[in-house]
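Dear colleague,

Please find the structure below.

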Amino acid sequence: MGAQLNPMDYVVGIDLGTSNSVVAVVEDGAPVVIPNKGGYTTTPSIVATSESGTRLVGHIAKRQSVTNARNTVFAAKRLIGRKWDSPPARTVQQSCPYTIVEGPHGDVRIMMRDQVYSVPEISAFILQEIKLVAEQYVGASVQKAVVTVPAYFNDNQRQATKDAGRIAGLDVLRIVNEPTAASLAYGLDAKGEGTVAVYDLGGGTFDVSILSIEDGVFQVISTAGDTFLGGEDFDERVSGWLVERFRELTGVDVRQDRMALQRIRDAAEQTRCELSTVTESSVDLPFLYTMPNGDTHHLQETLSRTQLNDLTKDLVDRTIQICRKTLEEANLSPRDLDDVILVGGMVRMPLIQESVTKFFQREPCRGVHPDEVVALGASIQGTALTQGSTDLLLLDVTPHSLGIMISGGYFHELIGQNTTVPTSASHIFTTVRDNQTSVKILVLQGESDKAAENELLGEFILSGLEKAVRGQVEVDVTLSISADGIVSVAARDLKTGREQSITVTATSGLTEEELSALVSQSHDYMLDVKKNEELERAQLQVRKIVEEVEALFPEVRDVMSGTSFGRDAISKAEAVVERAKQDLQGSDVRALGEVQESLDRTLSMFRGVVTKTKLN
Ligand code: ADP
Ligand code: MG
């Protein structure tokens, strides 16, 4: 570290959050967060399609979310890698103003203006925006990235996140767990050593990890979490309360009105955030609902911090239960910890700070920025990976047990929860029928004895087995988990030693064909975006010179119309301006460039004439 990076080596750390995304890069040996065009270090993870069909991402999408609620997608991360028939999909379907539909592989798809998108595509739109932000900052193309995910994400969710990166044109070097990334930034920054707990509560997910940090070795001891618990659930409680109050006062149920509901949601979040600093806050939504007869109803309520705490206390308690569980897994008591790191926007809520302080029996560390620390850590890891640094070693664990389904529908665990990754384990399958030539293997993740209660990662079919009496063919199946937490399967015929071919049936997400089509689609889109930017820049420049030239015309005419040479020059200049105005209507960047040259010449001639007359 320390040396100037070759532009080709830029590797960014991306915290692709449920609510906000953040990007960081290591500069002169120190990680820095990159601000977006608006100067903000966080970009809302919101995507929308405007009425004219334009794709909007980030703040610009957030600002129009009330008037265009149906076509504005927020918190898509809650759906990534999820199956259509999962409880989260149902919850989102009931509570979100945008529409979700079932995808061709039992996955969830999202609609914006009658167009159906896979969830990785929506995430890719956010990543593309983040990539642009980074590229503008470093002044070069950015291809490599380390992307973070909640520690408790399963394989399907991780794969889908990796797919999102690929669609966005990023080479995702590594998927890193968010709390682990946070600990990296903490450890390197505060030179913290010892055993720490990272409590990360964001917009949609909760994670807690216990780590030991020593001499640049970051070893996760245990991790636990809930990938469907976050600020969104707190908002839901406050919105629910507001909807109920409105119904009590007016008799109207506003849940059917998407725009009104989105206004309530917005107000709920705003009030909730305000209550982190004040003890009472008011909600004011004039003209919230118009009755069929034209009467209008306003919503005016006051919410106190105590009321908010009552509405959400069980959610906070759930996070504390999970902390207890992960400490037990690590065989530690709160007193064994040296520090507690708070991450995520939600940790600004006083009730959370109090509960965490009480449970861990210590004041949490004040030195880390809860919004930025994850991206900073990801950029540190990215730089270490590209520079082959040996000063830093990250040893993470798998959050879920991995195994296969065995007869009777039972789950047979091969790799236990909280095992350090990368790791692998094998199991020997035998044929159960004579002349059986194929075996189907169901690979699952989860903690239940019953296979059906765990997450199905894939169906693998081993085919081309030798024909033999049952029980004679033995196939060794190896399940591996990479440092990204991503699962792969390999199989070998024990007698012949031959690698066995495996067919994977997609159980979620996208097929390879769909994925590569999306990769090229998004590549074209980015070329368009860049072309548009170029066009806008060219138009701006031409417009500016036209104005300057036009401003000088009266004076130039005064001086030059006396001679035929002068009159000729003036009409030539008029023609150039006319052509420029025409080119400004079109979208030909090259024509604009050419006309700009002519305009430049005209302008310098005009300036020459004007200064000369002034000198005379
Ligand atoms: P994610 O990592 O999931 O994108 P963030 O860490 O950005 O999420 O946290 C976003 C959540 O934090 C939102 O639910 C937001 O309402 C909440 N939040 C932000 N600021 C505050 C605050 N001052 N008080 C309470 N909650 C806050
Ligand atoms: Mg986060």
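**Ligand site and cavities**

The largest pocket is the space taken by ligand 1. A pocket here is an open set of points on a 1 Å grid over the protein atoms alone, with protein on both sides within 12 Å along at least five of seven lines, and lining residues have an atom within 4 Å of a point. A molecule sits in a pocket if more than half of its atoms lie within 2 Å of its grid points.

The model is predicted: local features need pLDDT of at least 70 and side-chain atom pairs count only at pLDDT 80 or more, while totals for chains, interfaces and linings use all residues. Residues are numbered from 1 along each chain as its sequence is written, chains are lettered from A and ligands numbered from 1 in the order in which they are written, and side-chain values use heavy atoms, with hydrogens and water left out.

The largest pocket holds about 1100 Å³ of space (the volume filled by probe spheres set on the points, which are joined across faces, edges and corners). It has 42 lining residues, and Ser 19, Asn 20, Lys 62, Gly 203 and Glu 269 are the closest to its centre. Helix α7 gives the largest share of this lining, seven residues (helices are DSSP runs of H or I, at least four residues, and strands runs of E, at least two, numbered from the N terminus).

Around ligand 1 there are 16 residues, of which Ser 19, Gly 203, Glu 269, Arg 272 and Ser 276 come nearest (a residue counts if one of its heavy atoms lies within 4 Å). Helix α7, residues 258-274, again supplies the largest share of the shell, three residues.

- a polar side-chain atom of Glu 269, at 2.6 Å
- a polar backbone atom of Asn 20, at 2.8 Å
- a polar backbone atom of Thr 18, at 3.1 Å

Taken alone, ligand 1 exposes 570 Å², and the protein buries 87% of that (Shrake-Rupley method, 1.4 Å probe).

The whole structure has four cavities of 30 Å³ or more (a cavity is a set of points where a 1.4 Å probe fits but cannot get out). The largest cavity has a volume of about 60 Å³. Its lining includes Leu 79, Arg 82, Asp 107, Pro 120 and Gly 509, and β9 (108-112) and α3 (119-138) each give two or more residues to that lining.

Regards

Key
Polar contact = N/O pair within 3.5 Å; in protein donor to acceptor, adjacent residues only side chain to side chain.
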